[in-house]
Amino acid sequence: MEEKIKNIEAAAVEAVKNAANLQALDEIRVKYLGKKGELTAILRGMKDVSAEDKPKIGKFVNDARAVIENEIQVKNAALKESALEDRLQNEKIDITLPGRAPKVGHFHPITLTLNHIKKIFMNMGFSVEEGPEIEEDYFNFELLNLPKDHPARDMQDSFYITDEILMRTQTSPVQARTMKAHKNNEPIRMIAPGRVYRRDDYDATHSPMFTQVEGLVIDKGITFADLKGTLEVALSEIFEKKVGVRFRPSFFPFTEPSTEVDISCVMCGGKGCRVCKGTGYLEILGAGMVHPKVLEMNGYNYKKVSGFAFGLGVERIAMLKYGIDDLRLFYDNDVRFLNAF
Ligand code: DAH
């Protein structure tokens, strides 16, 4: 009997030592110590043992049980420890790795240029006005002295929605809208930034959609000198360097006289280069003194007040500022390009 118990104990201790994981260990516990386990079976058989041997055998079994239990406990602690160790190894976080920066969007170069232009004019006391991109023919053309059959409309062939409604071809209709919103020859000093649409090709220098900034100033005694001074200051600020301004006679139906405004080339400073095609000047915007008929049609008395207006292309300015030679880059949404700003 003693022999048998010793053997069970030895087998159990051996098995415990070899247990690979907690589950295996539990199976061993059941096998030796459980209700139907081998040691329990011996205790059950005690009724057949002589009264004299009983205490001895009983003690033997209990000692064996204590040994096995202790082994199991030690092994259990060791297995738990190594399981934790494994997890710590596997789930290790290298806190010395650089952080993953979230991708944050940023302003489009046209928006940046536009914001810059807006700020410059706002600092000069201009308000920022808006008008609809789907515009009435009446505001886009007629109130700007371009009646239905006017040949100057041909240059701005556009997308008509009905005979009377079109995608605006210029920001100039905001001039008319702003004038109409004022009474009693009230002074105006405004810019109107926004998108315009023309039936144009899509190439390095054209796009059927582009961005303009319109300007309008009306007050008593506004002269051509005010126009020139304002543009000289604004354009120097836009290009962040002192630029010379040259006025060339031109024609716009809504201004009289009208002028094309050039600046000294921002690339070569006027010496002549590839960008200015050797002329030393860059064509930048159209401007002029508001035509008396336009003032009158929009509720202003041209005998009491006068005004100047101008319109510039934002893409052209952004291209010159950032040295971009293909307009399409602004619209193709290539992130390699956009990330450069
Ligand atoms: N609206 C003109 C265009 O799109 C630009 C322009 C020229 C606007 C002269 C003006 C101006 O206000 O006075 O070509």
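Into which domains is the protein chain divided?

**Figure 1. The two domains of the predicted model.** In this predicted model, the protein chain is divided into domain 1, which covers residues 2-90, and domain 2, which covers residues 109-338. Taken over C-alpha atoms, the centres of domain 1 and domain 2 are separated by 94 Å.

**Figure 2. Packing of helix 1 with helix 2.** Helix 1, made of residues 2-18, packs with helix 2, made of residues 22-33, at an angle of about 170 degrees, and the axes of the two helices lie 10 Å apart. Because angles over 145 degrees count as roughly antiparallel, helix 1 and helix 2 are described as roughly antiparallel to each other.

**Figure 3. Residues in the contact of helix 1 with helix 2.** From helix 1, Ile 8, Ala 11, Ala 12, Ala 15 and Val 16 meet Leu 25, Ile 28 and Tyr 32 of helix 2. The residues of this contact divide into 8 nonpolar, no polar and no charged.

**Figure 4. The second largest pocket and its lining.** The second largest pocket has a volume of about 400 Å³, and of the 19 residues that line this pocket, Ile 110, Leu 114, Gly 194, Arg 195 and Thr 211 are the closest to its centre. At least two residues of the lining are supplied by each of helix 5 (109-123), strand 4 (188-197) and strand 5 (209-219), with helix 5 giving the largest share, 5 residues. By residue class, the lining of the second largest pocket divides into 7 nonpolar, 6 polar and 6 charged residues.

Methods. Residues numbered from 1 in each chain as written. Predicted model: local features only at pLDDT ≥ 70, side-chain atom pairs only at ≥ 80, totals over all residues. Heavy atoms only, no water. Domains from an automatic or database assignment. Axes fitted to C-alpha atoms, helices over the stretch in contact; angles between N-to-C directions. Helix = DSSP H or I, 4+ residues; strand = E, 2+ residues; numbered from the N terminus. Parallel < 35°, antiparallel > 145°, perpendicular 65-115°, else oblique. Contact = heavy atoms within 4.5 Å. Nonpolar A, V, L, I, M, F, W, Y, C, P; charged D, E, K, R; others polar. 1 Å grid on protein atoms, 1.4 Å probe; cavity = no way out; pocket = protein on both sides within 12 Å on 5 of 7 lines; lining within 4 Å. Points joined across faces, edges and corners; volume = space filled by probe spheres on them.
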